[in-house]
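Student: I am new to this structure and would like a close look at a single part of it. Please take one residue, describe its surroundings, and then go on to the packing elsewhere in the chain.

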Amino acid sequence: MSSKSHLPYSTRALNHPNPLTKKLFTIAEEKKSNVTVSADVTTSAELLDLADRLGPYIAVLKTHIDILSDLTDTTLTTLQSLAAKHNFLIFEDRKFIDIGNTVQKQYHGGALKISEWAHIINCAILPGEGIVEALAKTTEFPDFPAPQERGLLILAEMTSKGSLATGSYTERSVEYARRYKGFVMGFVSTRALSEVGAALSSDEAGNGADEEDFVVFTTGVNLSDNGDKLGQQYQTPESAVGRGADFIIAGRGIYKAEDPVEAVRRYRDAGWGAYLERVGGGK
Ligand code: 5BU
(Lines give C-alpha, C1' and ligand atoms only; values in the text may rest on other atoms or scores of the structure.)
Protein backbone atom coordinates (compact mmCIF):
# COMPACT_ATOMS: atom_id res chain seq x y z
CA MET A 1 0.00 0.00 0.00
CA SER A 2 1.35 3.39 -0.89
CA SER A 3 0.81 6.50 1.18
CA LYS A 4 -0.43 9.51 -0.74
CA SER A 5 1.26 12.02 1.52
CA HIS A 6 3.95 12.84 -1.06
CA LEU A 7 1.26 14.19 -3.41
CA PRO A 8 -0.03 17.77 -3.44
CA TYR A 9 -3.44 18.41 -1.87
CA SER A 10 -4.76 19.47 -5.28
CA THR A 11 -3.89 16.07 -6.77
CA ARG A 12 -5.39 14.25 -3.82
CA ALA A 13 -8.55 16.35 -4.14
CA LEU A 14 -8.95 15.62 -7.83
CA ASN A 15 -10.44 12.14 -7.76
CA HIS A 16 -11.01 11.65 -4.07
CA PRO A 17 -14.06 9.43 -3.54
CA ASN A 18 -14.99 11.02 -0.20
CA PRO A 19 -16.68 14.36 -0.97
CA LEU A 20 -15.79 15.98 2.36
CA THR A 21 -12.13 14.99 2.11
CA LYS A 22 -12.12 16.36 -1.41
CA LYS A 23 -13.53 19.64 -0.10
CA LEU A 24 -10.99 19.72 2.72
CA PHE A 25 -8.02 19.32 0.36
CA THR A 26 -9.51 21.95 -1.94
CA ILE A 27 -9.83 24.42 0.94
CA ALA A 28 -6.24 23.75 2.03
CA GLU A 29 -4.98 24.41 -1.47
CA GLU A 30 -7.06 27.55 -1.93
CA LYS A 31 -6.08 29.07 1.40
CA LYS A 32 -2.52 27.70 1.40
CA SER A 33 -3.17 26.46 4.91
CA ASN A 34 -3.12 23.08 6.63
CA VAL A 35 -3.83 24.59 10.04
CA THR A 36 -6.62 23.45 12.30
CA VAL A 37 -7.03 25.78 15.21
CA SER A 38 -8.27 24.16 18.39
CA ALA A 39 -10.43 26.94 19.81
CA ASP A 40 -10.62 25.70 23.39
CA VAL A 41 -12.15 28.83 24.89
CA THR A 42 -15.07 28.73 27.26
CA THR A 43 -17.45 31.48 26.12
CA SER A 44 -19.39 31.89 22.88
CA ALA A 45 -18.08 35.42 22.41
CA GLU A 46 -14.46 34.26 22.55
CA LEU A 47 -15.14 31.32 20.21
CA LEU A 48 -16.93 33.44 17.60
CA ASP A 49 -14.32 36.18 17.83
CA LEU A 50 -11.54 33.65 17.19
CA ALA A 51 -13.50 32.06 14.34
CA ASP A 52 -13.91 35.42 12.65
CA ARG A 53 -10.34 36.66 13.17
CA LEU A 54 -8.51 33.40 12.48
CA GLY A 55 -10.96 32.12 9.85
CA PRO A 56 -9.05 33.49 6.83
CA TYR A 57 -5.90 31.55 7.79
CA ILE A 58 -7.23 28.13 8.72
CA ALA A 59 -8.62 25.07 6.93
CA VAL A 60 -10.49 23.73 9.95
CA LEU A 61 -11.71 25.05 13.28
CA LYS A 62 -11.84 22.42 16.02
CA THR A 63 -14.29 22.82 18.87
CA HIS A 64 -15.03 21.23 22.23
CA ILE A 65 -18.54 22.60 22.20
CA ASP A 66 -19.34 21.20 25.67
CA ILE A 67 -16.76 23.44 27.35
CA LEU A 68 -18.72 26.58 26.45
CA SER A 69 -20.45 27.97 29.52
CA ASP A 70 -23.09 29.85 27.53
CA LEU A 71 -23.86 27.73 24.45
CA THR A 72 -27.04 28.75 22.59
CA ASP A 73 -28.51 28.01 19.17
CA THR A 74 -27.24 31.41 18.06
CA THR A 75 -23.66 30.38 18.91
CA LEU A 76 -24.02 27.44 16.55
CA THR A 77 -25.73 29.28 13.70
CA THR A 78 -23.20 32.11 13.91
CA LEU A 79 -20.33 29.62 13.89
CA GLN A 80 -21.82 28.02 10.77
CA SER A 81 -22.10 31.43 9.07
CA LEU A 82 -18.47 32.19 9.90
CA ALA A 83 -17.40 28.81 8.47
CA ALA A 84 -19.19 29.70 5.23
CA LYS A 85 -17.84 33.27 5.23
CA HIS A 86 -14.21 32.22 5.67
CA ASN A 87 -14.44 28.81 3.97
CA PHE A 88 -13.31 26.52 6.77
CA LEU A 89 -14.71 23.23 8.09
CA ILE A 90 -15.84 22.68 11.67
CA PHE A 91 -14.49 19.68 13.57
CA GLU A 92 -16.18 18.83 16.87
CA ASP A 93 -13.62 16.93 18.97
CA ARG A 94 -16.32 15.07 20.93
CA LYS A 95 -14.48 11.72 20.85
CA PHE A 96 -17.53 9.49 20.83
CA ILE A 97 -16.88 6.33 22.82
CA ASP A 98 -19.99 4.28 23.63
CA ILE A 99 -22.30 1.62 22.24
CA GLY A 100 -23.82 2.31 18.84
CA ASN A 101 -27.31 3.15 20.12
CA THR A 102 -25.95 5.85 22.45
CA VAL A 103 -23.50 7.48 20.06
CA GLN A 104 -26.22 7.88 17.43
CA LYS A 105 -28.23 9.94 19.94
CA GLN A 106 -25.17 11.93 21.01
CA TYR A 107 -24.29 12.72 17.39
CA HIS A 108 -27.71 13.45 15.93
CA GLY A 109 -30.09 15.54 18.07
CA GLY A 110 -29.66 15.88 21.80
CA ALA A 111 -28.51 19.04 23.55
CA LEU A 112 -25.57 19.69 21.22
CA LYS A 113 -27.11 18.87 17.81
CA ILE A 114 -23.63 18.03 16.56
CA SER A 115 -24.72 16.60 13.19
CA GLU A 116 -26.34 19.92 12.29
CA TRP A 117 -23.21 22.03 12.43
CA ALA A 118 -20.05 19.88 12.64
CA HIS A 119 -18.61 18.74 9.33
CA ILE A 120 -16.13 16.44 11.04
CA ILE A 121 -16.44 14.36 14.22
CA ASN A 122 -14.17 11.76 15.78
CA CYS A 123 -14.51 8.57 17.77
CA ALA A 124 -12.42 6.12 19.72
CA ILE A 125 -12.74 2.44 18.85
CA LEU A 126 -12.61 1.09 22.40
CA PRO A 127 -16.23 -0.15 22.01
CA GLY A 128 -15.28 -2.06 18.83
CA GLU A 129 -16.31 -1.82 15.21
CA GLY A 130 -19.96 -1.11 16.12
CA ILE A 131 -19.24 2.50 17.02
CA VAL A 132 -17.98 3.25 13.53
CA GLU A 133 -20.85 1.39 11.92
CA ALA A 134 -23.44 3.21 14.09
CA LEU A 135 -22.03 6.66 13.36
CA ALA A 136 -21.84 5.88 9.63
CA LYS A 137 -25.44 4.65 9.65
CA THR A 138 -26.65 7.83 11.33
CA THR A 139 -26.04 9.64 8.06
CA GLU A 140 -28.75 7.46 6.49
CA PHE A 141 -31.47 8.74 8.84
CA PRO A 142 -34.14 10.53 6.76
CA ASP A 143 -33.71 13.79 8.70
CA PHE A 144 -29.90 13.72 8.70
CA PRO A 145 -28.53 17.03 7.39
CA ALA A 146 -26.15 17.09 4.39
CA PRO A 147 -24.63 13.57 4.54
CA GLN A 148 -22.16 14.51 1.78
CA GLU A 149 -20.76 17.18 4.07
CA ARG A 150 -20.17 14.98 7.12
CA GLY A 151 -17.23 12.74 7.98
CA LEU A 152 -15.49 10.86 10.78
CA LEU A 153 -11.90 10.68 11.97
CA ILE A 154 -10.84 7.65 13.98
CA LEU A 155 -8.67 8.41 16.96
CA ALA A 156 -5.89 5.97 16.22
CA GLU A 157 -3.27 7.45 18.55
CA MET A 158 -3.15 10.14 21.22
CA THR A 159 -0.50 12.70 22.06
CA SER A 160 -0.73 12.44 25.84
CA LYS A 161 1.99 10.75 27.86
CA GLY A 162 1.44 7.01 28.34
CA SER A 163 -1.37 6.83 25.75
CA LEU A 164 -2.74 3.30 25.40
CA ALA A 165 -3.82 3.87 21.80
CA THR A 166 -0.89 1.94 20.31
CA GLY A 167 -0.08 -1.35 18.60
CA SER A 168 -3.09 -3.52 17.76
CA TYR A 169 -5.45 -0.72 18.80
CA THR A 170 -3.96 1.49 16.10
CA GLU A 171 -4.04 -1.40 13.60
CA ARG A 172 -7.74 -1.95 14.28
CA SER A 173 -8.35 1.75 13.71
CA VAL A 174 -6.92 1.42 10.21
CA GLU A 175 -8.94 -1.72 9.55
CA TYR A 176 -12.25 -0.11 10.59
CA ALA A 177 -11.46 2.99 8.56
CA ARG A 178 -11.18 0.79 5.48
CA ARG A 179 -14.49 -0.90 6.17
CA TYR A 180 -16.38 2.40 6.38
CA LYS A 181 -14.47 4.45 3.84
CA GLY A 182 -17.57 6.31 2.70
CA PHE A 183 -17.84 8.04 6.08
CA VAL A 184 -14.36 7.73 7.55
CA MET A 185 -12.06 10.44 6.24
CA GLY A 186 -8.99 9.31 8.11
CA PHE A 187 -7.32 9.52 11.49
CA VAL A 188 -6.25 11.63 14.36
CA SER A 189 -2.75 10.27 14.85
CA THR A 190 0.79 11.39 15.42
CA ARG A 191 2.02 10.08 12.06
CA ALA A 192 0.91 8.63 8.73
CA LEU A 193 -0.42 5.13 9.27
CA SER A 194 0.48 3.64 5.90
CA GLU A 195 3.08 1.39 7.54
CA VAL A 196 0.50 0.14 10.02
CA GLY A 197 -1.91 -0.42 7.17
CA ALA A 198 0.68 -2.31 5.20
CA ALA A 199 0.99 -4.76 8.08
CA LEU A 200 -2.56 -5.96 7.43
CA SER A 201 -3.20 -8.64 4.84
CA SER A 202 -5.16 -7.67 1.74
CA ASP A 203 -8.05 -9.84 2.98
CA GLU A 204 -8.27 -7.91 6.21
CA ALA A 205 -7.81 -4.65 4.41
CA GLY A 206 -10.51 -5.32 1.84
CA ASN A 207 -10.30 -4.40 -1.79
CA GLY A 208 -8.87 -1.17 -3.00
CA ALA A 209 -6.33 -0.60 -0.20
CA ASP A 210 -3.87 0.67 -2.79
CA GLU A 211 -6.30 3.31 -3.92
CA GLU A 212 -7.20 4.62 -0.49
CA ASP A 213 -6.18 8.05 0.67
CA PHE A 214 -6.89 8.70 4.32
CA VAL A 215 -6.27 12.12 5.77
CA VAL A 216 -4.10 12.51 8.88
CA PHE A 217 -4.77 15.15 11.54
CA THR A 218 -2.09 15.58 14.18
CA THR A 219 -2.75 17.30 17.49
CA GLY A 220 -0.17 18.49 19.98
CA VAL A 221 1.48 20.99 17.65
CA ASN A 222 3.26 23.91 19.22
CA LEU A 223 6.07 26.17 18.03
CA SER A 224 7.48 27.09 21.42
CA ASP A 225 6.60 24.52 24.11
CA ASN A 226 7.46 20.85 24.62
CA GLY A 227 4.37 20.00 26.59
CA ASP A 228 2.21 20.98 29.56
CA LYS A 229 1.99 19.84 33.19
CA LEU A 230 -0.89 17.45 32.48
CA GLY A 231 0.82 15.06 30.11
CA GLN A 232 0.41 16.82 26.77
CA GLN A 233 3.43 16.29 24.50
CA TYR A 234 4.15 18.71 21.67
CA GLN A 235 5.95 18.62 18.36
CA THR A 236 6.57 21.37 15.83
CA PRO A 237 4.63 21.80 12.57
CA GLU A 238 7.75 20.66 10.66
CA SER A 239 8.05 17.49 12.69
CA ALA A 240 4.31 16.69 12.48
CA VAL A 241 4.11 17.24 8.72
CA GLY A 242 7.37 15.36 8.24
CA ARG A 243 5.85 12.36 10.01
CA GLY A 244 2.80 12.45 7.78
CA ALA A 245 0.34 14.98 9.22
CA ASP A 246 -1.83 16.47 6.48
CA PHE A 247 -3.41 18.88 8.95
CA ILE A 248 -1.73 20.22 12.06
CA ILE A 249 -3.85 21.01 15.10
CA ALA A 250 -2.73 23.79 17.43
CA GLY A 251 -4.63 25.20 20.37
CA ARG A 252 -2.84 27.18 23.07
CA GLY A 253 0.07 27.97 20.76
CA ILE A 254 -2.39 30.12 18.81
CA TYR A 255 -5.32 31.24 20.96
CA LYS A 256 -3.19 31.97 24.04
CA ALA A 257 -0.65 34.01 22.06
CA GLU A 258 -0.54 37.73 22.67
CA ASP A 259 -1.63 38.23 19.06
CA PRO A 260 -3.52 35.12 17.87
CA VAL A 261 -3.73 36.42 14.29
CA GLU A 262 0.04 36.86 14.09
CA ALA A 263 0.42 33.40 15.68
CA VAL A 264 -1.94 31.64 13.28
CA ARG A 265 -0.06 33.16 10.36
CA ARG A 266 3.20 31.77 11.75
CA TYR A 267 1.68 28.30 12.15
CA ARG A 268 0.22 28.54 8.66
CA ASP A 269 3.57 29.49 7.15
CA ALA A 270 5.39 26.76 9.07
CA GLY A 271 2.79 24.11 8.22
CA TRP A 272 2.62 25.11 4.57
CA GLY A 273 6.40 25.30 4.22
CA ALA A 274 6.75 21.81 5.68
CA TYR A 275 4.04 20.54 3.31
CA LEU A 276 5.79 22.04 0.27
CA GLU A 277 9.01 20.41 1.41
CA ARG A 278 7.26 17.08 1.73
CA VAL A 279 5.72 17.18 -1.74
CA GLY A 280 9.06 18.09 -3.23
CA GLY A 281 8.99 21.87 -3.28
CA GLY A 282 6.39 21.87 -6.07
CA LYS A 283 2.86 22.98 -5.58
P1 5BU B 1 -3.24 22.40 22.79
O2 5BU B 1 -3.64 23.66 23.49
O3 5BU B 1 -2.57 22.67 21.43
O4 5BU B 1 -2.44 21.47 23.67
O5 5BU B 1 -4.64 21.69 22.46
C6 5BU B 1 -4.71 20.43 21.86
C7 5BU B 1 -6.13 20.10 21.49
O8 5BU B 1 -6.16 18.85 20.81
C9 5BU B 1 -7.08 19.96 22.67
O10 5BU B 1 -8.36 20.40 22.24
C11 5BU B 1 -7.11 18.48 22.95
O12 5BU B 1 -8.35 18.08 23.49
C13 5BU B 1 -6.92 17.90 21.56
N14 5BU B 1 -6.23 16.60 21.52
C15 5BU B 1 -4.92 16.41 21.96
O16 5BU B 1 -4.29 17.33 22.47
N17 5BU B 1 -4.33 15.19 21.84
C18 5BU B 1 -4.94 14.14 21.28
O19 5BU B 1 -4.36 13.05 21.16
C20 5BU B 1 -6.27 14.37 20.79
C21 5BU B 1 -6.87 15.58 20.93
BR22 5BU B 1 -7.16 13.02 19.97
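Tutor: In this predicted model, Asn222 touches Tyr234, Gln235, Thr236, Gly253 and Tyr267, leaving aside residues up to four places away in sequence. Asn222 itself sits in the loop that runs between strand 7 (215–218) and helix 11 (237–242). Its relative accessible area is 3%, and because buried means under 20%, Asn222 counts as buried. The side chain of Asn222 also has a polar atom 2.9 Å from the backbone nitrogen of Ser224.

From this loop, turn to the nonpolar side chains. In soluble globular proteins, nonpolar side chains tend to be buried together. Here the largest nonpolar core has 83 residues, and Val132, Leu135 and Phe217 are those with the most contacts inside it. Helix 13 (residues 260–278) gives this core its largest share, 6 residues. Val132 has contacts with Cys123, Ile125, Leu152, Ile154, Tyr176, Tyr180 and Val184, again not counting residues up to four places away in sequence.

The last item is a pair of helices. Helix 3 (residues 44–54) packs with helix 4 (residues 73–86) at an angle of about 10 degrees, and their axes are 9 Å apart. Angles under 35 degrees count as roughly parallel, so helix 3 is roughly parallel to helix 4. Helix 3 makes the contact through Ser44, Leu47, Leu48, Ala51 and Asp52, and helix 4 through Thr75, Thr78, Leu79, Leu82, Lys85 and His86. Sorted by class, this contact has 5 nonpolar, 4 polar and 2 charged residues.

Conventions: Residues numbered from 1 in each chain as written. Predicted model: local features only at pLDDT ≥ 70, side-chain atom pairs only at ≥ 80, totals over all residues. Heavy atoms only, no water. Helix = DSSP H or I, 4+ residues; strand = E, 2+ residues; numbered from the N terminus. Buried < 20%, exposed > 50% of the residue type's maximum accessible area, 1.4 Å probe, protein only. Polar contact = N/O pair within 3.5 Å; in protein donor to acceptor, adjacent residues only side chain to side chain. Contact = heavy atoms within 4.5 Å. Core = buried A, V, L, I, M, F, W, Y, C linked by side-chain atoms within 4.5 Å. Axes fitted to C-alpha atoms, helices over the stretch in contact; angles between N-to-C directions. Parallel < 35°, antiparallel > 145°, perpendicular 65-115°, else oblique. Nonpolar A, V, L, I, M, F, W, Y, C, P; charged D, E, K, R; others polar.
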